[in-house]
Amino acid sequence: MQRKFAFGSAIGILTVSLSFSSSVFSQTPSDEIAKYREMIADGNPSELYEAAGEDLWKKPAGPKNATLEKCDLGLGPGVVKGAAAQLPRYFKDTNKVQDLESRLMTCMQTLQGRNPKEMVDAPFQVGPKKDIEAIVAYIVTASKGEKIKVSTNHPREREMYELGKRAFYFQGGPMDFSCASCHGEDGKRIRLQDLPNLTTQKGATLGWGYWPAYRVSSGQFWTMQQRLNDCYRQQRFPFPIYGSDLTVALSMYMAKNANGGTVETPGLKR
Amino acid sequence: MKNKNIKSLLACASLLTAVALPVSGVMAQQQNDPKFNKMMKEGFRAEGIAGLDRIQQDETQKFCSDPVFAGSEKGQAMREKIQKINMDSIRQPSDGKYIGDWKKGEAIAQSGRGATWTDKADTPIGGGCYNCHQIDKKEISYGTIGPSLWNYGKMRGNSQELIVYTWNRINNSKAYNACSNMPRFAHFKLLNEQQIQDLMALLLDPTSPVNQ
Amino acid sequence: MSDPMRVRAAENGGIVDVKILMKHDMESGQRKDAAGKLVPAWHITTVNVKANGRDVLNGQFGPAVSKDPFLNFKYKGAKGDKIVVSWVDNKGDKRTDEATAS
C-alpha cells in the first residue's frame, strides 16, 4: 500500500515538474506577445474607428435622412451600452437570429432607407462596409468589460447554435479544413500564432471576446464578419456571404460557448 | 437510513442513464439535415478559383465532419474503409525516384501560398508544412498542430518501407489516419510528384539540415 | 479631408501626460503594390503640440513612422491646460484637434 502511494506520488511529482517545464517553455513566446500587447494597448487605433462610428450613429444618412439612434440592438431602441455582449440574439421584428453586423444592416435599411445589397456586396474596408466597421467599433467598445451573455432560450437561438456547431466541424475544400482543424484542440498554434480552442469556454472567450480588433499587420480594424471571411479564405473554401445565416450561426456557437467570459473588444492583434 | 436510499436511487439512475445513452443515438452517425444543407449552400458564393464545388463533400470529408462518430467504436469499420479508399488512391512516383532536392523541399515547406480565392490558377502552391510542423530546428516559426519532424530521417533510417510510408503520408495522410488534420496533397493535386520528391529529400536525405 | 485625431491629456502632480492617436496611412514611399508599382509616399511630416499657446512638442515625422501613429509624451503643466495638436503631411494636408488637460 505504502509503496503504491510512494510510486503514485513520484509519478505525480514527475508529471507536475514536466508540465511545469514545458509550460514555462511554451509560455515564453505567448508571454512576450502578451507583454507587447500590454505596451501598445494604450494607443489602440480602434479608438479612431470608435470615434468615427459614434459620429455615424448620430449623423442623419440615407434616403430617409435619419440617424441610427432608434436602432434596437436587443436592449431597446438606441440602447448601445452592453448590447454587443448579448449578441447574437433572436429579434421579433425580423423573426431571425442576428449578429451585430446583420442587425446594423437591418437598422440602416429600415431607419435610413439604405440599400442592403450595396452593404453586402461592398468589399471590406470600403464604402458602406467602412461605415459599418466604424459603427461596430463604437458599439463593441460600449460593451467592454461586460460579461458575454448570449441566450439560447428562444428555439431559433437554440437551432442556430446547433447549426453553427455543425458548420464548425464541416470539412471542405482541397485541404479538408474545418474550423475545428485549427480551433478544435487545446494548446495548438499555427506557426507562432496561438489558436484558441473555440469549443471550450476558455478558448471561445479568447476568440469571441477579443474580436473585433485592430489588426496591426494589416493596419485595419476587422469586424467578426471579416475575421470569419478570412478564415474561410485560408481554409480554401469559397467566399462566405456577408451576414449570411452561416456566419450568424458560427457566431452564435462561439458566443454561447464563451458565455460568462469578459468582453475585451475592441482588441488589438498582430 | 435516508442516505442509503438516496445512494441506491442515484446508483439506479446512473445505471439507467449509462444504459440509455447508446440507445439515444449519441454514437450514431450524424443525420442528413436539409436545414443545415440549405444554410451551407446559401452561405457561400464562388470567388476567383474557389468554386462552390469546394463545399461538395467527398466520403472522407463527410465522415470526418462528425468527429464524435468518427472517433467512436461504432465508427471503427467506417474509419478502416476510409483509410483503404485513401490508400488505394496513392500512386508511387512515375519515375521510380523518391528523393529529390532538399533545398527546394525547404522552400516548398516554407510556402503557405496558393489555392485561396485571392490566388490565381497558376500560383505555385506551397506545402505549408511549417504551419503545423517543426522541421528544420533553425526555423523557430513553426506550428504545433502536427508532430515535430526534426531529425526525421536520422531517427528512422532509410529502409524501403520507411521511404514508401513517408511518400504515402505526404501524398495522402488519411491512408493511415482517416481523420488526420493533414491535407491530402496528391489527391487534390496541391503538390506534384517533383515537389513531393523534394519534400522527401528534406526529411530523408542524410545531408538535409533536418538530419544534422 | 483628414480624419480626426484622438487626443487625451491627464494631469497628475504637475505633469500632464498627453496621448495622441493620429489617423493616417503613413505610406513610406518604398512599398510596392500588387502590380509591382511603387506606392507614392504619403505621410505626416511635422507635428506640433501647444499647451495654452506655448509649444510643448515639435516633431518631424518621416517614412519610418507606421500607420495610425500613436504619440505619448509628458510636459510640466496644470489641469485645464488647452492642448492643441496639429500635423501637416507631405501633400500639404493638415489636421488640428484639441483637448483639455483633466
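pLDDT is the predictor's confidence in each residue, from 0 to 100. The model is predicted: local features need pLDDT of at least 70 and side-chain atom pairs count only at pLDDT 80 or more, while totals for chains, interfaces and linings use all residues. Residues are numbered from 1 along each chain as its sequence is written, and chains are lettered from A and ligands numbered from 1 in the order in which they are written.

**Exercise 1. Find the stretch of chain B where pLDDT stays under 50.**

Step 1. Take the chain as a whole: chain B averages a pLDDT of 91, and 87% of its residues score at least 70.

Step 2. Locate the stretch: residues 16-25 of chain B stay under 50.

Step 3. Count its contacts, two residues being in contact if their C-beta atoms, placed from the backbone, lie within 7 Å. Beyond four places in sequence, the model has two contacts for residues 16-25 of chain B.

Step 4. Apply the rule: where pLDDT is low, the predicted coordinates should not be read in detail.

**Exercise 2. Work out the strand order of the open sheet in chain A, and state which strands stand at its edges.**

Step 1. Helices (H or I, at least four residues) and strands (E, at least two) are DSSP runs, numbered from the N terminus; two strands pair if DSSP finds at least two bridges between them.

Step 2. Read the order: three strands of chain A run 6-5-8, with mixed pairing.

Step 3. Find the edges. Strand 6 (220-222) and strand 8 (267-269) of chain A have a single partner strand each, so one side of each lacks a neighbour in the sheet.

Step 4. Check one pair. Strand 5 (residues 213-215) of chain A is antiparallel to strand 6 of chain A, over three bridges, and A:Arg215 stands opposite A:Gln220.

**Exercise 3. Describe the contact between chain B and chain A from the side of chain B.**

Step 1. Count: 39 residues come from chain B and 32 residues from chain A.

Step 2. Assign elements. Helix 2 (34-43), strand 1 (44-45), helix 3 (59-64) and helix 7 (129-132) of chain B give two or more residues each; helix 2 of chain B gives the most, with six residues.

Step 3. Strand 7 (residues 239-240) of chain A pairs with strand 1 of chain B in the antiparallel sense over two bridges. A:Phe239 has B:Arg45 as its bridge partner.
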